[in-house]
Amino acid sequence: MRTILGRTDHVVVVGAGLAGLACALHLLGAGRAVTVLEQSGYPGGRAGQRELGGYRMDAGATVLTMPELADEAFAAVGASLADELELLELDPAYRAHFADGSTIEMHTDGAAMEDEVRRVAGARDAEGYRRLRAWLGELFRVQRDRFIGANFDSPLDLLRPELVRLAALGGFGRLGPAIGRFLHDDRLRRLFSFQALYAGLPPSRALAAYGVIPYMDTVAGVYYPRGGVRRLAEAMAGVARRAGASVRLGIGAAWLERTASRVSAVRASSGERIPCDAVVLTPELPTAYRLLGVRSRRPLPVRWSPSAVVLRAVTTRGWPALDHHTIFFGRNWDRTFHEITRAGALMTDPSLLVSMPTRTDPALTGDGRQLLSVLAPCPNTDVAAIDWARVGPAYAEELAGVLDSRGLPGFTASIEASELITPADWAAQGLAAGTPFSAAHTFAQTGPFRPGNLVSGVDNAVLAGCGTTPGVGIPPVLISGKLAAARITGQPGSP
């Protein structure tokens with residue numbers, strides 16, 4: 001594994017998202033002095049917080065998977081996740097409503113989910129589910145250390161026994177058809193493959209290796225940190241401070257001083273000059289490259305994932321149809337993916353993810369009001385030039401109307417405060433192609449082919465976050481922080 005050469009005593013980490021905070025904790029555990037700069041007033045990045053109607057809401061995900069990765073970061077400095085947060089396991093992990101009026105609950109307990117599959121689809125799919133669960137677990141075990149949790153210096157790093165095993169498992173086929181080998185009911189196929197959208201691809205085109213995402217969602221367990229996912233970022237920042245880091249909120253990186261091929265200091269937005277021996281950059285790739293004054297040397301431009309419209313709302317009531325996480329599937333599933341990834345159109349038959357963390361944690365409001373987030377996948381700004389200033393408000397009304405008709409009667413009338421986030425807003429925050437899901441996980445952007453965390457032409461800069469290895473989602477960005485730290489310390493993180 002290639003590492004940063006020369007002194008690395010003091011490292012500046014730009015960005016206090018989960019990747020930056022994980023990196024900081026691993027660096028602190030290895031004896032480095034660390035300064036973390038975060039331009040917003042709170043830690044967490046895309047997993048941070050927003051205020052709406054006088055209440056604090058998670059800005060991004062409202063659940064946590066693979067919490068052992070966060071615990072590993074805490075453990076680097078002698079702390080533990082259990083001492084910092086109370087985790088509540090969600091059961092069901094989520095509930096899905098379908099256009100035919102049926103409902104399926106997703107349980108991560110194997111026996112409970114087998115019973116649910118038998119209830120909705122019969123004995124044949126219940127047996128298929130048992131085999132699917134075993135296959136997903138084996139996919140994860142094969143990839144965990146040598147693919148997902150590894151730094152790559154070359155595609156040749158793939159040439160090891162695990163690659164043969166992954167191929168034998170069908171990991172280089174397509175996820176949708178692979179799920180179809182185990183399950184015959186179309187609703188169940190959707191439940192175990194829709195997660196490919198997080199990787200930026202429809203299930204019919206995503207690598208079957210990305211079955212590790214439904215593994216995390218449907219097997220490993222889904223958790224909620226009491227107080228919100230933002231509490232994880234707050235706890236990580238607090239532990240980092242106690243371990244000696246300087247975590248500075250409301251101060252970003254304006255530019256970097258270079259001496260030959262090394263970054264010698266970070267110039268903060270406050271005007272302060274912060275000398276450093278190495279720098280870790282966690283912003284989106286174009287921003288990181290701009291700060292470094294380099295261009296990507298990839299032969300092909302980065303392909304970005306689809307985006308999302310998010311409607312956050314405070315409502316005066318709840319609905320029995322809603323769980324902590326609820327998916328409302330439209331009827332025309334395949335057409336939906338074509339519209340958002342190829343045609344550059346809004347969904348004509350929306351499939352929506354609704355998160356209501358107050359179902360699990362009523363103390364978030366304490367007065368009976370509910371906090372909701374409605375996520376509608378949509379094209380990114382590279383695929384479609386939609387005038388969101390004009391279209392956005394009307395689309396928000398349309399989404400509310402869809403929910404009114406799909407089991408949430410009175411949804412529109414119950415909204416007391418709301419906020420709409422569109423691809424134009426994501427772009428204004430510096431997210432490439434107006435998507436919060438970063439670079440898509442195509443084959444050419446996976447593993448050693450994903451934009452690397454070392455930067456050609458700069459000897460002491462490392463990247464972390466969802467744009468680099470291993471990818472998008474809370475577990476991958478926590479891993480990316482560890483991998484970035486390993487590039488500096490030389491400690492584990494190589495294939």
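Two strands are said to pair if DSSP finds at least two bridges between them, where strands (E, at least two residues) and helices (H or I, at least four) are DSSP runs numbered from the N terminus. In that sense strand β15 (residues 307-315) and strand β18 (residues 370-378) pair in the antiparallel sense over 9 bridges, and Ala 313 stands opposite Leu 372 in β18.

This is a predicted model, in which local features need pLDDT of at least 70 and side-chain atom pairs count only at pLDDT 80 or more, while totals for chains, interfaces and linings use all residues. Residues are numbered from 1 along each chain as its sequence is written, and side-chain values use heavy atoms, with hydrogens and water left out.

Both strands belong to an open sheet of 7 strands with mixed pairing, whose order is β8-β7-β16-β17-β18-β15-β19. At its edges lie β8 (103-106) and β19 (415-421), each of which pairs on one side only, and the twist from one strand to the next averages 20°.

Turning to the helices, two packed helices are described by the angle between their axes and the distance between the axes. For helix α1 (residues 18-29) and helix α2 (residues 67-75), the axes come within 8 Å and cross at roughly 40°, the axes being lines fitted to C-alpha atoms over the stretch in contact and the angles running from 0 to 180 degrees between N-to-C directions. Ala 22, Leu 25 and His 26 in α1 meet Glu 72, Ala 73 and Phe 74 in α2, contact meaning heavy atoms within 4.5 Å.

Leaving aside residues up to four places away in sequence, Arg 267 touches Gly 252, Ala 253, Ala 254, Trp 255, Glu 257, Glu 272 and Arg 273.

For the protein overall, the secondary structure comes to 16 helices and 20 strands, and buried residues make up 59% of the 495 residues. Among contacts with a separation of 6 or more, residues 24 or more positions apart account for 72%.

Note on methods
Buried means under 20% relative accessible area, exposed over 50%, partly exposed in between (1.4 Å probe, protein chains only).
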